Amino acid sequence: MKSKIVNLSSVIAAGCRFLLPCAMSCICGKAMSQVIADVHSHNVLPSYIAFVGSHGALLEEGFPIPSWSAERHIEMMDREGIAWSVLTMPAPQPFFGDAAESRAIVRRYNEETAAVKSTYPDRFKFCATLPLPDVKGAIAEAVYALDTLHADGVKLATNSRGMYLGDAALDPLMKVLDERHAVVIIHPHKPTPFNDSLMMQTPLAAYEYPAETTRAVVNMISRNVPSRYPHIRFVVPHCGSFVPLAVPRMKNIVEVMRRSGIDKNIDWKGNMGNLYYDLAGGASADVLRMLLTVTSPSHLLFGSDYPYVSADGVHGVIAGLKSTLAAMPELSHLSDSVFAGNAARLFEKGK
């Protein structure tokens, strides 16, 4: 009898990692008291590294691109109780002046990432990358990735070699994404233009990335992009960056412009209602309360930023966020939604 019990335990442990996300409250080495969905992680493929390296751009963002494998990612997820993660391409944008070359590497990345998802269908979703600033190529790739590869959304850089989100040239792409009810993961890239001496002193991630994200979101709002394409759900990274500070200031400035005879028509409700926020990068109680001035708890999503945040670091991020939420009366009863439920509903809407 004893040997049968041991064998059964082995079967349960081996099979636990393959359970559907909605059932991942089982024991898999240790008790999983809370299911987690991670909407901010990156997969770094050898083909991408080789391509970026061939252009001497491995340090273009100011810090090394970390190594990654699906197996190590899943090991970390199993330890931390993460049911599924959304994979996106890291920075830099793989465009170095040759549109055909960029289209080819982007297509390869999307197909290879789709294969990762196919191998681990219950553990990974992916948001396809696009060969911007080549808008025509980006539209073709978005159609292929969403319709043929069944990507779960797309990832858009805050700027693609100087073409910022909100640019009128991107409207045809937004129309395609709107028609497909796409989830769009926004991620900061090195601003263009940029003072290189500043980057030598202060890492991009410390200031320029939040500023860059805010710049792109404010630019979209100023042209009513989220409002005009209401079926796109935009995920703003890093706790909303400076958006909670920028929005009230922007509202005041628009009112001053109106009183001066300059009519800047902004649909605040329509724009803000389509923005979601991942909590990667410092979700303190003060930051969360500030974020709740521009959104609702149903639009808050867990993000790890793995592998830029190490596996050990992810453990600390999760523990810290759990502790923070538990101490906040306005969010303590919504911890399950923040960690997984909101993300599940977000990615299910477009199905």
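How many disulfides does a search of the whole structure find? In this predicted model, the search finds 0 disulfides.

**View 1. The cysteines C127 and C239.** C127 takes part in no disulfide, and the nearest cysteine sulfur, that of C239, is 19 Å away. Because a disulfide requires sulfur atoms within 2.5 Å, the 19 Å from the sulfur of C239 to that of C127 is too far for a bond. C127 is buried, with a relative accessibility of 0%. C239 is also counted as buried, at 4%.

**View 2. The salt bridge between D152 and K117.** The count of salt bridges comes to 14, and one of them joins the side chains of D152 and K117, with an N to O distance of 3.0 Å. D152 is located in the loop between α5 (135–147) and β4 (153–157), whereas K117 belongs to helix α4 (residues 99–119), so this pair ties together parts that are 35 residues apart in sequence. D152 and K117 are both buried.

**View 3. The salt bridge between E255 and R259 in helix α10.** The side chains of these residues meet at 3.8 Å, N to O. E255 and R259 are 4 residues apart in helix α10 (residues 243–259), which means that about one helical turn separates them. E255 is partly exposed, at 32% relative accessible area, and R259 is exposed, at 62%.

**View 4. The network of D147, K175, E179 and R180.** Salt bridges with shared partners join these residues into one network. Within helix α6 (residues 171–179), E179 and K175 are 4 residues apart, about one helical turn, and their side chains form a salt bridge of 2.6 Å, N to O. E179 is partly exposed, at 46%, and K175 is likewise partly exposed, at 47%.

Key:
Residues numbered from 1 in each chain as written. Predicted model: local features only at pLDDT ≥ 70, side-chain atom pairs only at ≥ 80, totals over all residues. Heavy atoms only, no water. Buried < 20%, exposed > 50% of the residue type's maximum accessible area, 1.4 Å probe, protein only. Salt bridge = Lys/Arg side-chain N within 4 Å of Asp/Glu carboxyl O. Helix = DSSP H or I, 4+ residues; strand = E, 2+ residues; numbered from the N terminus.
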